[in-house]
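Hi everyone, thanks for making time. Let me put the model up, and then I'll walk you through a few things in it.

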Amino acid sequence: MAPASTTSSPGAAAARRIIGSRRRTKATPLPSPPESPPPKKLKPISEILAKAKYAVVERADYSDVSCEQCGSGERADELLLCDKCDKGFHMKCVRPIVARVPIGSWFCPKCSGQRRVRRLSQKKIIDFFRIQKCNRKKDKCSSPQDTRKRRRRSGPLVYQKKRRRLLPFIPSEDAAERLKQMGTLASALTALQMEFSDELTYLPDMAPRAANQAEFEEGGMQVLSKEDIETLEQCRAMSRRGECPPLLVVFDSCEGFTVKADSQIKDMTLIAEYTGDVDYIRNREHDDCDSMMTLLLAKDPTKSLVICPDKRGNIARFINGINNHTPDGKKKQNCKCVRYSVNGECRVFLVATRDIAKGERLYYDYNGYEQEYPTHHFV
């Protein structure tokens, strides 16, 4: 059977052509894929190193690191790595020496740009210690204790020994030798970035001077006699004139900075007062300063005070301690640390316990009666 034929008008055919043409000319375009970002261009390592202040590539193994000063790789616990040049330095070999392991980044003297501590000139030494010139005669500069006629001893020897008085130090007669002694102290203080101070310092953010009251001491504190106060004032007056104790600050590769006698020192000689910033013990419980000194042990622990010679101090900062766990260590002790009440305030003094020969190093026991400072690792 033939298919049925359909008839259509000319207008309908024209409409179909128009629709068809519309579909062809206005077809919806296919969505194009999103443009991917251009690949990042990585900078060469040479360009990064040229612009960066410093860059250290961490090594997997540091067992072959040795000290740049002594050439030894021993004592790895004392070997510091510079965060810039990645070279090793022993804490006691680098100048200035590093007393304790630093917190955070550490740079060797070359990378940090620190200038090497050199010998100070006479003018710089006088300015460093703020020495005051005395225009008066020598006899007028001395204390009343020197001019007072001493009484002859009487009574049993035991009684006299209990009443022994402190003796003022005898400075070197040669002015050039005194400058040498002060120069060694100034160089050591400069190496540790410290200021010289012969007095206790009270800063606004630390303990006030009103907190240093000897009456707060648990069990009481021995009072410095009037004669010994005169000796103290005489020593302070001599120091202000540049007449320092006959001591030299020297550096030892094993013990660090130490103090030795430049002439003979008699028993019971007042060597120095321990000075520095005064602070509460509670503020220094986690402080790693290795030279803090007890100033006041109060009945109320929150009122106890310590002396912190990390920013200010004098030659007492460099006198080393003994190992009180060994007989040889105890034999080295030739000084003692004593706390006194001076006009109602607590003070700490270092006093010779026997005659000290010239060239002998000074040592004392860091522990008082509290026995809390560990000394078993001392030389």
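Take the contacts whose partners have a separation of 6 or more: residues 24 or more positions apart account for 71% of those in the protein. Keep in mind that this is a predicted model.

So what's in there? I count on 10 helices and 14 strands. The protein has 379 residues, and 39% of them count as buried.

Now zoom in on helix α9, residues 226-240. From first C-alpha to last, its 15 residues reach 21 Å, close to the 21 Å you'd expect at 1.5 Å a residue. Which residues of α9 are buried? Quite a list: D228, I229, E230, T231, L232, Q234, C235, R236, A237 and M238. Then, just after α9, you get G242, with a positive phi of about 90 degrees.

One is D86, where phi is about 65 degrees. Where does D86 lie? You'll find D86 in the loop between β1 (79-81) and β2 (88-90). Its relative accessible area is 15%, so D86 is buried, since the cut-off is under 20%.

The other one is M268, with phi near 70 degrees. Look for M268 in the loop between β5 (256-261) and β6 (270-273). Is M268 buried or exposed? With a relative accessibility of 10%, M268 counts as buried.

Note on methods:
Residues numbered from 1 in each chain as written. Predicted model: local features only at pLDDT ≥ 70, side-chain atom pairs only at ≥ 80, totals over all residues. Heavy atoms only, no water. Helix = DSSP H or I, 4+ residues; strand = E, 2+ residues; numbered from the N terminus. Expected span 1.5 Å × (residues − 1). Buried < 20%, exposed > 50% of the residue type's maximum accessible area, 1.4 Å probe, protein only. Contact = heavy atoms within 4.5 Å.
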